[in-house]
Amino acid sequence: MCLNVYVHQVSNEEFVRFVKLRVTNDSLFTGKRNSSTLAYRAILKELGLQREISASQARRKWENLKMKYKEMKNPPPGVSVNPTNWPWFSLMDDAMEGRLAGSEVTVDTSSVGDDSEYRPNSTTRRRSKRAREPNRSEIELFVEEDDMMSEEMGRDRADLDRDRDEMEHERAILESDKAAIEYERMVLEREKMVLDRERAGVERELAALDRDRASLEREKAAVERDRASVEYIRAQLEKERAILDRERAKLERERAVFEQQRGMEKAEQPANLNDNSEGTDTSIPLAMEPASLERRQKFLNLFEKLIENF
């Protein structure tokens, strides 16, 4: 069976830049769908190899380099390996240890273009019926045409299966999230109903408080009116008390004068008996005057008690 082999020679400078670009742009390889393909395409475009090497070939090359480095770095027990026999060990050691981070430019996956720009051009590739031995100045990527087609189909199928599994997983997550959202919505609906009932109760209580406040305002207004009436009556009573005090003082003066006159009349009564030869009786007016004074005094006392009790 005769196999057609595509050979592309990568210079040492291109290889070193490829490793540095891969390490510098490691954040682009997020594991999401097509993130790896887009990132490798952007790296190959930066190198100018987008028409010579496919993203899948670049991915396999990087995985082979990592595997080779691990074999050199940590050989199996009982196996003696000299890392210096591999010319790229120092470069890969710096890459794996993170010493090459930021050593190259950061590429942008948003400008990679469509798929047609990244399909290897078979008409411009050099064909060879045998593989050339690689030397230390160049690295050759050998891709057998028949094997490449089968590998591409198998890889595409594996990618489709992986994408389908991821979609199923995402669908399951979405269903779970949907169920959780529905449950939260039901809980929120119940809480809303409870809040509505509580709000209705609060509004009823506020209405009752408003009614009580209005009633208190009316009662307060009535009390104010009663207080004003009491103050008016008290002012009138104060006036009456002042008048009563004046009347009482006047009565006391009149009583004093009456007592003085009665004493004088008692002293003069024997003489007056001799002088009243006509039989005129003057004792009645004198006896009635004290009775009138007593009645006035009792009336004043009763009126004063009435004012004090009020």
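These legends describe close-up views of a predicted model.

The model is predicted, so local features need pLDDT of at least 70 and side-chain atom pairs count only at pLDDT 80 or more, while totals for chains, interfaces and linings use all residues. Residues are numbered from 1 along each chain as its sequence is written, and side-chain values use heavy atoms, with hydrogens and water left out.

**Figure 1. Overview of the chain and its secondary structure elements.**
The chain contains 6 helices and 3 strands. Helices (H or I, at least four residues) and strands (E, at least two) are DSSP runs, numbered from the N terminus. In that direction the order of elements is β-α-α-α-α-β-β-α-α. The chain has 310 residues, of which 21% count as buried. Buried means under 20% relative accessible area, exposed means over 50%, and partly exposed covers the range in between (1.4 Å probe, protein chains only). Among contacts in the chain with a separation of 6 or more, 78% come from residues 24 or more positions apart. A contact means heavy atoms within 4.5 Å.

**Figure 2. Crossing of helices H2 and H3.**
Helix H2 covers residues 35-47 and helix H3 covers residues 55-73. Their axes come within 9 Å and cross at roughly 95°. Axes are lines fitted to C-alpha atoms, for helices over the stretch in contact, and angles run from 0 to 180 degrees between N-to-C directions. H2 and H3 are therefore roughly perpendicular to each other. Angles under 35 degrees count as roughly parallel, over 145 as roughly antiparallel, 65 to 115 as roughly perpendicular, and the rest as oblique. On the H2 side the contact involves Ser36, Thr37, Tyr40, Arg41 and Leu44, which meet Ala55, Ala58, Arg59 and Trp62 of H3. The residues of this contact comprise 5 nonpolar, 2 polar and 2 charged. Here Ala, Val, Leu, Ile, Met, Phe, Trp, Tyr, Cys and Pro count as nonpolar, Asp, Glu, Lys and Arg as charged, and the others, Gly among them, as polar. In the loop between H1 and H2, Asn34 has a positive phi of about 65° although it is not a glycine. Asn34 has a relative accessible area of 46% and is therefore partly exposed.

H3 has 19 residues, which at 1.5 Å a residue should span 27 Å; its end C-alpha atoms are 27 Å apart, in agreement. The expected span of a helix is 1.5 Å times one less than its number of residues. The buried residues of H3 are Ala55, Ser56, Gln57, Ala58, Trp62, Leu65, Tyr69 and Met72. Ala58 is buried because its relative accessible area is 3%. Not counting residues up to four places away in sequence, Ala58 touches Phe18, Tyr40, Leu44 and Ile53. Ala58 and Phe18 are 40 residues apart in sequence, and their C-alpha atoms are 9.1 Å apart in space.

**Figure 3. Trp86 and helix H4.**
Trp86 sits in the loop between H3 and H4. With a relative accessible area of 12%, Trp86 is buried. Leaving aside neighbours within four places in sequence, Trp86 is in contact with Leu65, Lys68, Tyr69, Met72 and Met92. The C-alpha atoms of Trp86 and Tyr69 are 9.0 Å apart, and the two are 17 residues apart in sequence. In helix H4 (residues 89-96), Phe89, Leu91, Met92, Asp93 and Ala95 are buried. The buried residues of H4 pack against helix H1 (12-24) and H3. Just after H4, Gly98 takes a positive phi of about 85°.

**Figure 5**
The structure holds 5 aromatic pairs. One of them is Phe299 with Phe303, whose ring centres are 6.4 Å apart and whose planes are at 20°, so the pair is stacked. Rings of Phe, Tyr and Trp (its six-membered ring) pair if their centres lie within 6.5 Å; planes under 30 degrees apart count as stacked, over 60 as edge-to-face, and the rest as tilted. Phe299 counts as exposed at 56% relative accessibility, whereas Phe303 is partly exposed with a relative accessible area of 26%. Gln297 is in contact with Leu251, Glu252 and Arg255, leaving aside its neighbours within four places in sequence.
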